[in-house]
Amino acid sequence: MLKPIKTTLTILCALLIFSCASFSVSAQAEIVLIKNESSPITVDGNIGEASWDSAFWESGMTDTGGLLEYSFLRLCWDNNYLYIAATIGHNTSLNQLSGTDGFYAELTFASEWTRSFGITCFNQPLYDGTDLRIKKAVRADVLNYFYDVELAYPFTSKIADGTAIQVRLLAKVTDQEGNVHTVPLGDYQTSLYHSEASMQAYLAAKTASAKAEASSKAATSAKSASSKSESGYSAASRDAASKAAASSKRAASASAGKSSGTKYAGAASHNTSDTSETTSQPEEAMQTTGVAESQAAAPVPEAMAQGAAKSPSRSFVAIIGIAAAAALLTPAILLIIKRPKAKPPHLPDEDTENPAAPAS
């Protein structure tokens with residue numbers, strides 16, 4: 001029951017994060033500013049000059065709090081300054097301009113440091129009262145419902161093509177209860193170029209550099225993959241050679257063990273035949289004929305025993321031969337054993353040699 005709920009919550013959180021990320025990206029506009037080559041701009045609060053006609057401009061972001069009715073923003077630059085102009089119109093049904101109302105900018109250079117500066121609608125410095133290099137001017141209407149403002153931030157070094165400056169424009173607005181609100185008007189990621197031609201050259205060089213960097217990374221990745229493949233092949237070859245050597249060694253050991261076992265079996269058969277011959281010697285002294293026949297039959301079992309050590313089939317044949325020989329020789333041996341002993345011919349008769357003594 002809880003698993004579907006957890007899954008649904010996870011999906012909703014992911015969508016919320018994605019929508020927030022999309023909003024943050026879309027809230028910042030990327031614009032290109034070409035250097036102003038017309039007549040210079042005079043910072044006096046008059047934004048009706050011809051120099052502003054070729055500048056970037058747009059209406060500001062909607063004020064959801066209803067404190068402002070409109071805002072118009074302008075940006076341009078020359079070799080000396082970055083110029084910012086704005087027209088801010090307050091909601092006439094809610095409030096008039098106060099001494100804390102004003103317009104200011106936040107500039108972030110190369111994503112490293114930020115500088116804030118501005119001016120109030122009554123021509124008072126906002127955030128940068130000690131920096132006299134910054135030019136600023138304001139003109140408010142007689143009814144104190146809107147004002148025009150001009151700001152100029154000085155460059156301390158020569159601007160190169162592609163210089164990036166983040167520009168955030170904000171207004172401070174006081175409501176009827178005296179609360180001061182900060183209202184964001186615009187957020188721009190600007191890129192500065194000296195001319196259209198220099199911009200095209202810069203972008204082409206940047207594209208070529210990106211392609212070269214991508215090719216270099218691809219070559220490095222391919223080289224790394226090839227090196228890993230070669231090292232893996234070498235390791236596999238070493239493992240295969242090691243396994244082959246171990247297998248050969250085991251085969252040699254098994255062959256040596258088999259040879260020694262065959263020799264040991266042959267020696268054992270010889271020892272067994274010798275023992276049988278030694279055991280049969282007392283019987284030879286008693287029965288010459290039977291022992292002779294037994295000695296004549298003895299080599300056959302020994303040869304069969306040696307053949308049995310070489311092959312299982314030969315051992316089986318040897319066993320059958322031994323059994324057949326035993327069956328044939330057993331009656332003869334029994335007859336020899338049961339035959340009565342013959343008297344030697346040269347011995348005299350017991351009655352003749354030893355006559356019985358006469359009775360006295």
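A residue is called buried when its relative accessible area is under 20%. Cys121, at 3% relative accessibility, therefore counts as buried. Cys76 falls under that cut-off as well, because its relative accessibility is 5%. A disulfide, in general terms, is a covalent bond between the sulfur atoms of two cysteines.

The model described here is predicted. Its protein chain contains 6 helices and 11 strands. The chain has 360 residues, of which 27% count as buried. Its exposed surface comes to about 23600 Å², and carbon and sulfur atoms supply 60% of that area. As for the way the chain folds back on itself, 57% of the contacts with a separation of 6 or more involve residues 24 or more positions apart.

The interior may be considered next. In soluble globular proteins, nonpolar side chains tend to be buried together. The largest nonpolar core of this model has 36 residues, and those with the most contacts inside it are Ile84, Phe103 and Leu107. Several strands contribute to this core: β1 (29–34), β3 (68–77), β4 (81–90), β5 (102–109), β6 (113–120), β9 (146–154), β10 (163–174) and β11 (180–193) each supply at least two residues. The greatest contribution is that of β10, which gives 5 residues.

Once its neighbours within four places in sequence are set aside, Leu107 is in contact with Leu82 and Ile84, with Trp113, Thr114, Arg115 and Phe117, with Tyr153, and with Ile165, Gln166 and Val167. A second, separate core has 11 residues, among them Ile41, Ala55, Cys76 and Ala85.

Is Leu94 buried, exposed or partly exposed? Buried residues have under 20% relative accessible area and exposed ones over 50%; Leu94 has 31%, and it is therefore partly exposed. Beyond its neighbours within four places in sequence, Leu94 is in contact with Gly66 and Gln176. Leu94 and Gln176 are 82 residues apart in sequence, yet their C-alpha atoms are 6.5 Å apart in space.

Notes. Residues numbered from 1 in each chain as written. Predicted model: local features only at pLDDT ≥ 70, side-chain atom pairs only at ≥ 80, totals over all residues. Heavy atoms only, no water. Helix = DSSP H or I, 4+ residues; strand = E, 2+ residues; numbered from the N terminus. Buried < 20%, exposed > 50% of the residue type's maximum accessible area, 1.4 Å probe, protein only. Contact = heavy atoms within 4.5 Å. Areas by Shrake-Rupley, 256 points an atom, 1.4 Å probe, with all protein chains shown as cover. Core = buried A, V, L, I, M, F, W, Y, C linked by side-chain atoms within 4.5 Å.
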